[in-house]
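Please open the model in your viewer and keep the selection tool at hand.

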Amino acid sequence: MDFPAQLGIEKVNSGASSGSQWLSASEQDRLMVSSPVDAKPIAAIQPCSSEAFEQIIEVAQRAFLHWRMVPSPKRGELIRKIGIELRKHKTPLGRLISYEMGKSLQEGWGEVQEMIDICDFAVGQSRMLYGRTIASEREQHKMVEQYQPLGVVGVLTAFNFPAAVWAWNAMIAAVCGDVILWKPSSKVPLTAIAIQKIIGPIVKAEGLPEGIFSLVIGKGKTIGEKIIQDHRIPLVSFTGSIPTGRHVATVLANRFGKSILELGGNNAVILAPDANLKLAVPAIVFGAVGTAGQRCTTIRRLIIHESIFDTVKKALIKAYASLKVGDPLDESVHVGPLIDKEAVLCFTTALEQVKKQGGKIIRGGKVLTGSSYKSNCYVEPALVMAENHFPIVQEETFAPILYLIQYSGHISNAIRIQNSVKQGLSSSIFTNSIQTAEEFLSPCGSDCGIANVNMGTSGAEIGGAFGGEKETGGGREAGSDAWKAYMRRQTIAVNFGDQLPLAQGIKFEL
Ligand code: UN1
């Protein structure tokens with residue numbers, strides 16, 4: 001296994017970097033990272049100390065003073081070079097993601113591709129930070145709106161996307177003139193170290209200062225908490241659970257900081273009576289078991305019309321029987337391990353709960369043991385007959401459990417079931433009827449941030465704004481106009497005349 005070394009991962013790594021420099025980090029609480037694939041230790045990390053954190057913030061603040069004055073198309077030029085370098089590292093980086101996180105190699109490479117795509121997008125965006133002109137009501141006045149950089153942006157990412165979610169945030173924030181402080185999940189910090197080692201030298205070679213992209217590794221309770229509390233960080237983008245997101249939002253709101261939240265999903269697919277099952281079945285299986293059910297966008301609920309329920313159930317049982325669970329680096333494998341034993345416990349506990357609440361497991365659900373599954377993190381993806389109101393179905397269990405739920409009558413009944421959860425990230429419908437599809441996309445349709453037709457709920461392209469409603473947090477990242485969240489908006493009025501007319505026609509004479 002040569003990819004960790006190829007990417008500059010050492011036996012013991014510092015968990016604090018201001019760009020190309022690595023600070024001496026804490027000797028205490030050394031973090032040993034082992035793979036969920038085979039339980040073997042990969043490398044150790046010295047977490048970022050309080051002193052190193054202070055230094056990094058100071059360097060980042062200094063970098064911002066320079067970076068905000070670099071013309072944004074020039075900032076885009078740096079991102080273009082990062083995209084080129086990521087292309088060169090796609091093979092080993094995808095392998096590291098797969099080995100450290102456990103997702104299939106295809107999905108590991110897909111994640112690097114998502115980084116490359118957002119780089120390309122950000123390069124274009126760097127020439128399109130458009131404001132607008134506004135008609136002034138006063139004579140010889142003009143009004144315009146412009147967008148200015150914000151400062152140090154904290155990006156707190158989750159274990160399930162060790163690379164791409166940072167890139168969505170960081171590449172866009174960087175062309176906006178911000179500097180980025182990344183705290184990855186301490187379950188997958190080696191991917192972050194590898195990325196930092198790719199980009200740090202590029203920034204340096206361009207003659208740009210340290211501190212545009214910094215990295216701090218440590219526990220959420222220590223380093224994560226420092227970031228959300230710090231007044232020097234005007235914006236925090238957080239991806240993770242709803243309870244932690246609620247805490248992040250509260251702390252940020254209390255100090256009038258900005259937040260972008262990407263929290264849990266409880267995504268549903270609706271199968272209308274006229275659904276094309278040739279499309280639907282593979283889409284559902286990929287959406288439910290891809291990344292071993294650990295995407296925010298994973299399909300968790302399948303809302304099936306009663307007229308096709310038995311056919312769909314049989315087709316899914318058959319498809320699940322052909323799934324290969326095992327080493328995700330083996331390209332014939334569909335499903336790798338869960339991230340850790342805690343995640344396995346969540347899977348088994350949820351299945352116990354669903355049985356108690358009246359559900360029935362119709363396929364899978366076992367924890368796999370034996371020499372191919374040494375880490376004890378492998379599970380058989382489960383198909384479960386359930387009802388939407390079961391408390392466990394209302395929750396997001398970050399594991400491959402797909403609840404089969406029946407509906408009858410009009411499509412509005414399925415939409416009502418779909419929307420009857422607290423989360424609102426992604427949704428989809430399979431139908432060949434324009435009326436049904438358009439009702440799903442109408443104001444009385446899906447209440448989610450993402451609504452797809454004739455495809456699954458996961459695997460969004462970076463060109464769209466990514467995020468969800470309700471307890472998913474309301475944030476938007478990646479494409480479309482998501483860049484605006486990384487900038488401060490300024491409304492400008494200029495008087496080019498020799499009179500001083502007041503707005504609203506107010507008279508004030510001296
Ligand atoms: C996540 O699970 O946090 O749409 C992000 C998708 C991916 C991103 C998921 N492009 O499934």
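The model is predicted: local features need pLDDT of at least 70, side-chain atom pairs count only at pLDDT 80 or more, and totals for chains, interfaces and linings use all residues. Residues are numbered from 1 along each chain as its sequence is written, and side-chain values use heavy atoms, with hydrogens and water left out. Helices (H or I, at least four residues) and strands (E, at least two) are DSSP runs, numbered from the N terminus.

**First stop: helix α12**

Select residues 341-356, which form helix α12. Its 16 residues reach 23 Å from the first C-alpha to the last, close to the 22 Å expected at 1.5 Å a residue (the expected span is 1.5 Å times one less than the number of residues).

Next, colour A343, V344, F347, A350, L351 and V354, which are buried (buried means under 20% relative accessible area, exposed over 50%, and partly exposed in between, with a 1.4 Å probe and protein chains only). An α-helix has 3.6 residues a turn, so residues three or four places apart point the same way.

What do the buried residues of α12 pack against? Select β14 (360-363), β15 (382-385), α13 (391-394) and β16 (401-407) to see these partners (contact means heavy atoms within 4.5 Å). Then turn to the other side of α12, where K341, E342, L345 and K356 are exposed. After the helix comes G358, whose phi is positive, near 110°.

**Second stop: helices α3 and α6**

Select α3 (residues 72-88) and α6 (residues 164-175), which pack at an angle of about 150° with their axes 8 Å apart. Axes are lines fitted to C-alpha atoms, for helices over the stretch in contact, and angles run from 0 to 180 degrees between N-to-C directions. The two helices, α3 and α6, are therefore roughly antiparallel to each other (an angle over 145 degrees). Show S72, R75, G76, I79 and I82 of α3 with M171, A174 and V175 of α6, which make the contact.

Select S49, in the loop between β4 (41-46) and α2 (50-67). At 13% relative accessibility, S49 counts as buried. Not counting residues up to four places away in sequence, S49 touches S24 and S26.

Finally, select S241, in the loop between β10 (235-239) and α9 (242-254). Is S241 buried or partly exposed? At 33% relative accessibility, S241 counts as partly exposed.

Technical notes:
Angles under 35 degrees count as roughly parallel, over 145 as roughly antiparallel, 65 to 115 as roughly perpendicular and the rest as oblique.
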